[in-house]
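Hi,

Here is the structure for your files. Please open it first, then read on for what was found.

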Amino acid sequence: MSHPNISNQNPKTQASPLGFNKPHFTGSEIKYIQEAISNSKIGSNGVFTQKCHQFFETEYGFRKVFLTPSCTDALEMCALLIDTKEGDEIIVPSYTFVSTANAFILQGAKIIFADSESNSPNIDITTLEALITPKTKAIVCVHYAGMACDMDALLNLCNKYQLYLIEDAAQAIDSFYKGKALGSIGHLAAFSFHETKNITCGEGGMLVVNDERLIPRAEIIREYGTNRSQFLRGEIAQYGWMDKGSSHMPSELLAAFLFAQLECLTKIQSQRMIHWNQYETLLKPLHNQGLIQLPEMSESIKHNAHIFYIICQDKSQRTALVNALKAANINAVFHYNALHQSTYFKDKHDGRKLPNSDKYTDCLLRLPLYYDLTSNDVQRVTSTITQFSNKHIS
Ligand SMILES: *Cc1c(COP(=O)(O)O)cnc(C)c1O
């Protein structure tokens, strides 16, 4: 990539561009795709899909998993599986990706947006009980940056009011809460293997079904509403239309790609963690001086180094910092715009103020974090932030 304008002005000091994200390729992707082609099996549910399913079920204790073409697909399956009907209320954090809400909107649900915690973008559980009505059907929690929500508190609440607990674990592969893998705790969970996530197949996802009772229907919904899976296992003589459903199956080419990534999961995660920890160490002094805020988390969680974010004091400070980083050829990006303020939803929102969602909308900034980053890269980012802070913030 070349940036002629900038480098012409300042050819000597200009550092090479540092992107925000870069997918890591393990080297085995092509080999496994070639294998899928050699098997003459490139549709869904072949050997590589089975290998991926087995990996996740044995490694993380997920009761039953289904690869899907995206996390969005998996969330849409969740909405069907809990029988979302017109007027059902689903509680969702406002600070999240649109799919967390859209999946349920598509089935006619009313979304009730909850605020984030003051010290993390995760859903503020203390605000939830007041939002529950007889129409409430589920709470969807999002493990932001792969950092677990307080699952004990969420489970208690969901048990007390007989609600489904759904984990939007899009960012949370290989993250843990009190030793349990995220995605293994709620009735249902959805993961993403989009190119921006820790492991990827370009576009991809996975539904996790931990509630036994929902497994047979999940299989049917995923395959056009038919019981084709049972037929393919030789359990029935022919298959037919049983229920609502769609095509939520990725091809073997994607599963082959994903399996290559799974084989290197440990290596990918430990490398990301090194970068994450280096960011934390080098930025801690700014945090201690109160200039910026670093991620906070409880002892009971183990995160997956998905995102390194900082919280600026306000929006103008964040804009100035983004520009300072841009001038140093570093691409740092903010994240969600609170959904209760979106063009689509703002007229439907009940008017409650969600100040923490607004704060993260305005103040959260994500720093470059990916496998192929070097220690020098991280240093370059943190020294740029430190210089900026010393000059501009007090
Ligand atoms: C990435 C992401 C999604 C969407 O994942 P896709 O696989 O692109 O559909 C949903 N929710 C959250 C929290 C995400 O980070």
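How many Å separate a polar side-chain atom of lysine 197 from an oxygen atom of the ligand? The distance is 3.2 Å. Bear in mind that this is a predicted model.

The protein covers 92% of the ligand's accessible area, which is 390 Å² for the ligand on its own.

Two further side chains place polar atoms by the ligand:

- Aspartate 168: a polar side-chain atom lies 2.8 Å from a ligand nitrogen atom.
- Glutamine 171: a polar side-chain atom lies 2.9 Å from a ligand oxygen atom.

Now the shell. The ligand is surrounded by 14 residues. Cys71, Thr72, Asp168, Ser192 and Lys197 are the closest. By type, the shell has seven polar, five nonpolar and two charged residues.

And the site itself? Which pocket does the ligand's space correspond to? The ligand takes up the space of the largest pocket.

Next, the overall layout. The protein chain is divided into two parts: domain 1 covers 29–263 and domain 2 covers 265–392. Their centres, taken over C-alpha atoms, are 26 Å apart. Domain 1 brings 41 residues to the contact, and domain 2 brings 35 residues.

Then go to glutamine 171, at 2.9 Å from a ligand oxygen.

Best wishes

Terms used:
Residues numbered from 1 in each chain as written. Predicted model: local features only at pLDDT ≥ 70, side-chain atom pairs only at ≥ 80, totals over all residues. Heavy atoms only, no water. Near = heavy atom within 4 Å. Polar contact = N/O pair within 3.5 Å; in protein donor to acceptor, adjacent residues only side chain to side chain. Areas by Shrake-Rupley, 256 points an atom, 1.4 Å probe, with all protein chains shown as cover. 1 Å grid on protein atoms, 1.4 Å probe; cavity = no way out; pocket = protein on both sides within 12 Å on 5 of 7 lines; lining within 4 Å. Sits in = over half its atoms within 2 Å of the grid points. Nonpolar A, V, L, I, M, F, W, Y, C, P; charged D, E, K, R; others polar. Domains from an automatic or database assignment. Contact = heavy atoms within 4.5 Å.
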